[in-house]
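Please go through the helix packing and the aromatic pairs in this model.

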Amino acid sequence: MAENKSGIKAKIQKFGSYLSGMIMPNMGAFIAWGLITALFIPTGWLPNEDLATVVGPMINYLLPLLIGFTGGHMVYGIRGGVLGATATIGAIVGTDIPMFLGAMMLGPLGGFLIKQVDRLFEGKVKQGFEMLINNFTAGILGAILTLIAYTGVGPVVQGLNQVMAAGVQVIVNANLLPLASVFVEPAKVLFLNNAINHGILGPLALDQAADAGKSILFMVESNPGPGLGILLAYMVFGKGMARVSASGAGVIHFLGGIHEIYFPYILMKPILIIAAILGGATGIMTFTLFDVGLVATPSPGSIFAYLAMTPRGDYLGMLAGVFAATAVSFASAGFLLKFTKSTEEDGALTEATERMQEMKGKKSQAASHLTGGAQEPVAADTSLAGLGEVKKVIFACDAGMGSSAMGASLLRNKFKKAEIDIPVSNTAINQIPDDADIVITHKDLTDRARDKRPDARHISVDNFLGSPKYDELVNELKKNESA
């Protein structure tokens with residue numbers, strides 16, 4: 001039974017990771033749209049009728065097309081991306097709402113179908129006709145998918161979207177939205193938040209923002225207040241390493257927007273999830289009372305991102321919600337730390353951090369702050385002896401933007417100091433390039449990476465920011481150069 005639950009959780013995490021993989025690479029475009037909206041719409045900081053005309057096309061066309069392209073690209077490279085975007089335009093034109101849910105469906109579908117079509121013709125095309133066949137198969141399939149999306153997918157998704165939006169509105173009107181914290185806060189700690197945030201709340205929030213100029217749904221999961229309150233409680237009532245590290249973790253969390261930094265503090269004392277729920281519910285209730293919202297996704301969930309995405313006139317309510325959540329979370333966490341059995345020995349935080357990273361399926365770039373960058377032993381099946389010619393090194397994680405980027409940067413610096421001229425880059429695990437010679441992943445993701453790129457040499461690490469494998473790799477590459 002426990003294995004079934006673990007398998008279900010892993011599948012949900014993988015699904016959330018896939019949704020996140022379609023959204024996160026395009027987050028810059030979402031933020032650009034949010035800034036333009038906050039500045040130039042009639043209720044913005046610098047109302048401008050001409051510049052405000054950019055807002056509609058960006059949310060109705062640019063953003064869904066980017067999601068559709070990215071979803072197709074994740075499945076089948078550029079060719080899949082083109083089909084994903086082509087299919088998405090049919091759903092866009094066939095509806096009158098931003099087609100984010102449709103793009104998340106049609107993008108991967110377009111990539112999958114063109115991949116199957118190419119397999120069907122593989123080895124059967126006469127020499128000289130390859131370009132003709134490739135272009136026309138993509139064109140014909142693209143036309144069919146666009147028409148199907150226009151007549152079927154778009155209207156269905158619009159209806160589904162309206163049903164979900166109506167359901168959310170009923171919850172909001174009944175003042176029950178704070179109860180969402182009962183599900184959202186535990187989901188964050190279990191790393192199931194991507195499926196909730198990017199699969200449901202995000203698209204609904206963008207639809208609301210397109211109509212009303214803002215949405216409270218952007219604030220349901222991303223409020224930094226509950227986590228900050230828990231870390232402040234550890235600073236005052238905690239003991240040992242947990243108390244010492246809490247101040248630095250608070251800076252990373254509240255200013256940097258990396259929420260995962262406080263998850264080990266809850267895992268070390270699970271009853272503190274009550275404080276997170278109470279803080280989250282208080283924040284949402286305060287946002288509701290002040291009738292505030294954000295114009296776009298605050299990514300990462302930093303107070304700076306909140307300030308940037310808050311429309312004019314909503315700053316008081318936004319700050320009130322964040323600090324009310326912080327106060328309630330602090331008070332309840334402080335009570336629980338003070339009057340329940342202490343588990344905060346020096347080793348407890350490290351154990352909780354390791355447990356958090358096992359649940360996430362990868363090493364956290366922020367978690368090294370909690371463990372001091374300790375270098376753990378690495379799995380024995382990742383020997384670097386006998387490396388052949390290496391032309392490209394790839395770091396891979398779920399989204400390809402967080403921990404893998406930090407690891408790639410660290411290894412590039414080591415290569416530079418050792419005068420090794422080999423490119424090092426990072427990517428999502430679903431997008432590992434075919435020409436990667438070495439693929440570096442967290443040990444819990446190595447099997448997935450090996451399935452994606454079986455011919456590469458795979459290196460498993462326990463810590464992207466402090467693995468001894470990096471120095472071993474440098475030494476082996478230097479030996480190859482001198483051989």
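Questions and answers on these two topics follow.

This is a predicted model, where local features need pLDDT of at least 70, side-chain atom pairs count only at pLDDT 80 or more, and totals for chains, interfaces and linings use all residues. Residues are numbered from 1 along each chain as its sequence is written, and side-chain values use heavy atoms, with hydrogens and water left out.

Q: Are α2 and α3 roughly parallel or roughly antiparallel?
A: The axes of helix α2 (residues 27–40) and helix α3 (residues 55–93) come within 10 Å and cross at roughly 175°. Angles run from 0 to 180 degrees between N-to-C directions, and the axes are lines fitted to C-alpha atoms over the stretch in contact. Angles under 35 degrees count as roughly parallel, over 145 as roughly antiparallel, 65 to 115 as roughly perpendicular and the rest as oblique. Therefore α2 and α3 are roughly antiparallel.

Q: How is the pair of Phe-395 and Tyr-470 classed?
A: Ring centres within 6.5 Å make a pair, with planes under 30 degrees apart counted as stacked, over 60 as edge-to-face and the rest as tilted. A search of the whole structure gives 8 aromatic pairs. The centres of Phe-395 and Tyr-470 are 5.8 Å apart and their planes are at 65°, so the pair is edge-to-face.

Q: How many residues apart in sequence are the parts tied together by Phe-395 and Tyr-470?
A: Helices (H or I, at least four residues) and strands (E, at least two) are DSSP runs, numbered from the N terminus. Phe-395 lies in strand β1 (residues 393–397) and Tyr-470 in helix α18 (residues 469–482), so the parts are apart in sequence by 75 residues.

How values were computed:
Rings of Phe, Tyr and Trp (its six-membered ring) pair if their centres lie within 6.5 Å; planes under 30 degrees apart count as stacked, over 60 as edge-to-face and the rest as tilted.
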